[in-house]
Amino acid sequence: VAKNDESHVSLSAQFESRTVQKTYRALVCGEVSAAKGEIRAAIARHPTHRKRMAVTDGEGRAAWTTYHIERRLRASTLVQALLHTGRTHQIRVHFQHIGHPLVGDRVYGVNHNKRLREQTNYSAPRQMLHAQKLAFTHPRSGERMEFEAALPEDFEQALKLLTTE
């Protein structure tokens with residue numbers, strides 16, 4: 001959202017040059033083994049389910065996500081993910097691709113969420129994905145701006161319920 005054409009052009013250029021920083025927190029199913037990692041896998045429309053996206057071999061647009069573990073929980077892991085590209089459903093598709101779909105994702109993680117519910121008796125009301133921080137350069141002043149949002153109450157509740165004692 002920009003108030004004028006000059007700002008719109010500047011912000012669009014920052015997104016295109018990948019200088020806008022987009023940081024997310026995601027609660028994913030299962031225990032992610034690596035403390036940090038990166039997922040570089042092209043994303044395109046799913047070949048048979050046209051409303052879904054999928055990691056594809058040789059087709060699709062390049063997509064890059066880095067992550068690190070914030071906390072290990074019961075049958076789940078809290079991760080912070082940084083998007084280096086901005087593809088449709090990128091975090092959801094990338095974490096499903098490495099075998100850890102988002103908690104509550106009814107499109108990309110049905111079976112994993114069923115297993116989570118059986119193991120913990122927890123069923124998420126929605127995808128547990130939160131846009132934590134957005135950072136960019138102000139179009140006029142050139143100042144680096146950062147905006148952070150606290151976790152929503154339902155996400156906090158999920159963390160409490162899945163915390164190991």
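Helices (H or I, at least four residues) and strands (E, at least two) are DSSP runs, numbered from the N terminus. Two strands pair if DSSP finds at least two bridges between them. This is a predicted model, in which local features need pLDDT of at least 70, side-chain atom pairs count only at pLDDT 80 or more, and totals for chains, interfaces and linings use all residues. Residues are numbered from 1 along each chain as its sequence is written, and side-chain values use heavy atoms, with hydrogens and water left out.

**View 1. The hairpin of strand 7 and strand 8.** Strand 7 (residues 129-137) pairs with strand 8 (residues 144-148) in the antiparallel sense. Five bridges join the two. Phe 136 has Met 145 in strand 8 as its bridge partner. Six residues lie between the strands, and Gly 142 takes a positive phi near 80°.

**View 2. A salt bridge between Arg 140 and Glu 6.** A salt bridge is a side-chain nitrogen of Lys or Arg within 4 Å of a carboxyl oxygen of Asp or Glu. Here the closest N and O atoms are 3.6 Å apart. The pair links distant parts of the chain, 134 residues apart: Arg 140 sits in the loop between strand 7 and strand 8, Glu 6 in helix 1 (residues 5-16). Arg 140 is exposed at 57% relative accessibility; Glu 6 is partly exposed at 46%. Buried means under 20% relative accessible area, exposed over 50%, partly exposed in between (1.4 Å probe, protein chains only).

**View 3. A salt bridge between Arg 25 and Glu 70.** The N to O distance is 2.5 Å. Arg 25 belongs to strand 1 (residues 21-29), Glu 70 to strand 5 (residues 64-73). Arg 25 is buried at 16%, while Glu 70 is partly exposed at 32%.
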